Amino acid sequence: MRIVGLTGGIASGKSTVSNLFKERGIPVVDADLVARDVLKKGTGGWKNVVSAFGDDILQPDGEVDRPKLGQIVFSNPEKRQLLNRLLAPYISSGIFWETLKLWMKGCKVIVLDVPLLFEAKMDKWTKPIVVVWVDPETQLRRLMSRDRTSEEDAGNRINAQMSLDIKRTRADIVVDNTGSLEDLRVQFRNVLLEVTKPLTWTEFGLSRQGASSVLVSIIVGVLIFKKVL
């Protein structure tokens, strides 16, 4: 199975690229959706976060007020690191199980949409790595427009993440999203050709079909060996 790593930065257009993969029928494991699940009321992640940050981050219904929590961690690096440490095991586990489900279905290519792909060291499990890049000025302008936030708040959120310029140096494929949506679609067609090319022997061996082939070969080999004896 080929596991494609997809990452970028806030307001870079990563979600748009993720949706383009889905439109082409390629399954996507979205770390943001997994993170929402691990923060639901009553879960282990929820209990750890409430214990660390207090009841003030909760809504009247007991669910975590995500915008309020975001304001706290984006303006405080230590608290952001604490939150990441608390949730990382749950998010990693969730991503693993979602990936396993797709493997069981026989999917040959999947995409891991993970904002913290490099920070969480998940890049070593993905190949190729696709980074959606925009220049800092465009990123800031788009974030301010999208979330209707101040330049200071937008800057804090951007600076809380690894620089896109650093991420692009570690990518196998860079998608430049400073242009229009049509420009992005044109680039995506080339990305699609790359990630859907025939699997290598190693990737095939890791797929369900490959594992089944190996198992059948072993069984046949054992039967033949017994017959010879």
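This is a predicted model: local features need pLDDT of at least 70, side-chain atom pairs count only at pLDDT 80 or more; totals for chains, interfaces and linings use all residues.
Residues are numbered from 1 along each chain as its sequence is written, and side-chain values use heavy atoms, with hydrogens and water left out.

Let me start with the cores. By a nonpolar core I mean a set of buried Ala, Val, Leu, Ile, Met, Phe, Trp, Tyr and Cys residues joined through side-chain atoms within 4.5 Å, where buried is under 20% relative accessible area, exposed is over 50% and partly exposed is in between, with a 1.4 Å probe and protein chains only. The largest such core holds 30 residues, and those touching the most other members are Val49, Phe53, Leu69, Ile95 and Leu112. Among the elements that give it two or more residues are helix H3 (44-53), helix H5 (77-104) and strand S3 (109-113), helices being DSSP runs of H or I with at least four residues and strands runs of E with at least two, numbered from the N terminus. H5 gives the most to this core, namely five residues. Because domain 1 (1-27 + 109-197) and domain 2 (39-106) both contribute residues, this core lies between them; the domain bounds come from an automatic or database domain assignment.

Now to the pockets. On a 1 Å grid over the protein atoms alone, a pocket is an open set of points where a 1.4 Å probe fits, with protein on both sides within 12 Å along at least five of seven lines, and lining residues have an atom within 4 Å of a point.

The largest pocket is lined by 50 residues, with Asp32, Arg66, Phe74, Pro115 and Gln161 lying nearest its centre. H5 supplies the largest share of that lining, 10 residues. Since domain 1 and domain 2 both give residues to the lining, the largest pocket lies between them.

What lies nearest the centre of the second largest pocket? Of its 19 lining residues, these are Met1, Ile3, Thr99, Leu112 and Trp125. Strand S1 (2-7), H5 and helix H10 (201-206) each supply at least two residues of this lining, and H5 gives the most, with six residues. This second pocket, too, has lining residues from both domain 1 and domain 2, so it lies between them.
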